[in-house]
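Here are a few notes to read alongside the model, written as numbered points. Keep the structure open as you go through them.

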Amino acid sequence: MTSEILKPVVVLAAWSMLMWILMYAKRLPAMKRAGMLDTAMIGSVGADIRARLNGRDQWPADNYNHLMEQPTIFYAVALSLAFVGAGNTLNATLAWVYVALRIAHSLVQVSVNHVPTRFALHALGTVPLMMLCAHAVVIVFSR
């Protein structure tokens with residue numbers, strides 16, 4: 001039997017890949033408009049690109065970076081819970097809540113980028129992640 005917590009894990013990973021596609025779909029044309037693809041950018045860093053692009057064209061890249069940060073904790077904890085057989089019922093529900101809030105955060109960031117809304121979604125999403133972490137600590141250390 002497959003642990004139910006693996007479903008939101010896979011959804012968030014797939015969502016991250018969609019954001020990767022959006023990042024390049026927005027960034028490459030913006031870089032071309034800025035003349036950045038016509039010149040050698042040897043030795044450039046992300047800050048060099050950011051300084052030359054419209055903020056709106058940078059939002060998907062910022063969001064993709066965010067999806068590579070806190071969700072790494074989610075992946076580790078969710079897989080740990082699945083591995084020890086505790087990835088169903090409440091933990092699966094918490095995982096779905098976390099993923100839904102991360103997706104909502106992404107949608108806000110790549111569209112209107114309203115920082116107070118993004119912050120609220122991020123903070124709300126951290127609550128189920130903390131609960132998953134607490135459950136994992138209790139379960140792993142009690143066995």
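1. Asp57 has a relative accessibility of 10% in this predicted model, so Asp57 counts as buried, the cut-off being under 20%. Its side chain meets that of Arg33 in a salt bridge, at 3.1 Å from N to O. Because Asp57 sits in helix 3 and Arg33 in helix 1, this pair ties together parts that are 24 residues apart in sequence. Arg33 itself is exposed, with a relative accessible area of 62%.

2. Asp57 also forms a salt bridge with Lys26, where the closest N and O atoms are 3.8 Å apart. Here too the pair links distant parts of the chain, with Asp57 in helix 3 and Lys26 in helix 1 (residues 6–33), 31 residues apart. Lys26 counts as partly exposed, at 27% relative accessibility. Taken together, Lys26, Arg33 and Asp57 are linked in a network of salt bridges.

3. How many salt bridges does the count come to? The answer is four. One of them joins Arg50 to Asp62, with the closest N and O atoms 2.3 Å apart. Arg50 belongs to helix 2 (residues 46–52) and Asp62 to helix 3, so this bridge ties together parts that are 12 residues apart in sequence. On accessibility, Arg50 is partly exposed at 43%, while Asp62 is buried at 14%.

4. Please also look at Asn63, which lies in helix 3. Is Asn63 buried or exposed? With 0% relative accessibility, Asn63 counts as buried. Its side chain has polar partners: a contact of 2.9 Å joins it to the side chain of Ser106, and another polar contact, also given as 2.9 Å, reaches the side chain of Gln109. Leaving out residues up to four places away in sequence, Asn63 touches Met19, His105, Ser106, Gln109 and Val110.

5. Now for helix 5 (89–111). Helix 5 has 23 residues and reaches 33 Å from its first C-alpha to its last, close to the 33 Å expected at 1.5 Å a residue.

6. Helix 6 covers residues 115–142, 28 residues in total. From first C-alpha to last, helix 6 reaches 40 Å, close to the 40 Å expected at 1.5 Å a residue. Which residues of helix 6 are buried? They are Arg118, Leu121, Gly125, Thr126, Pro128, Leu129, Leu132, Ala136 and Ile139. In an α-helix there are 3.6 residues a turn, so residues three or four places apart point the same way. The buried residues of helix 6 pack against helix 3 (55–67), helix 4 (71–83) and helix 5 (89–111).

7. Last, the aromatic rings. The count comes to three aromatic pairs. In one of these, the ring centres of Phe74 and Tyr75 are 5.8 Å apart and the planes stand at 55°, so the pair is tilted. Phe74 is buried, with a relative accessible area of 0%, and Tyr75 is buried as well, at 18%. Ring pairs link Phe74 and Tyr75 with Tyr98 into a cluster.

Technical notes
Residues numbered from 1 in each chain as written. Predicted model: local features only at pLDDT ≥ 70, side-chain atom pairs only at ≥ 80, totals over all residues. Heavy atoms only, no water. Phe/Tyr/Trp six-rings, centres within 6.5 Å; stacked < 30°, edge-to-face > 60°. Buried < 20%, exposed > 50% of the residue type's maximum accessible area, 1.4 Å probe, protein only. Helix = DSSP H or I, 4+ residues; strand = E, 2+ residues; numbered from the N terminus. Expected span 1.5 Å × (residues − 1). Contact = heavy atoms within 4.5 Å. Polar contact = N/O pair within 3.5 Å; in protein donor to acceptor, adjacent residues only side chain to side chain.
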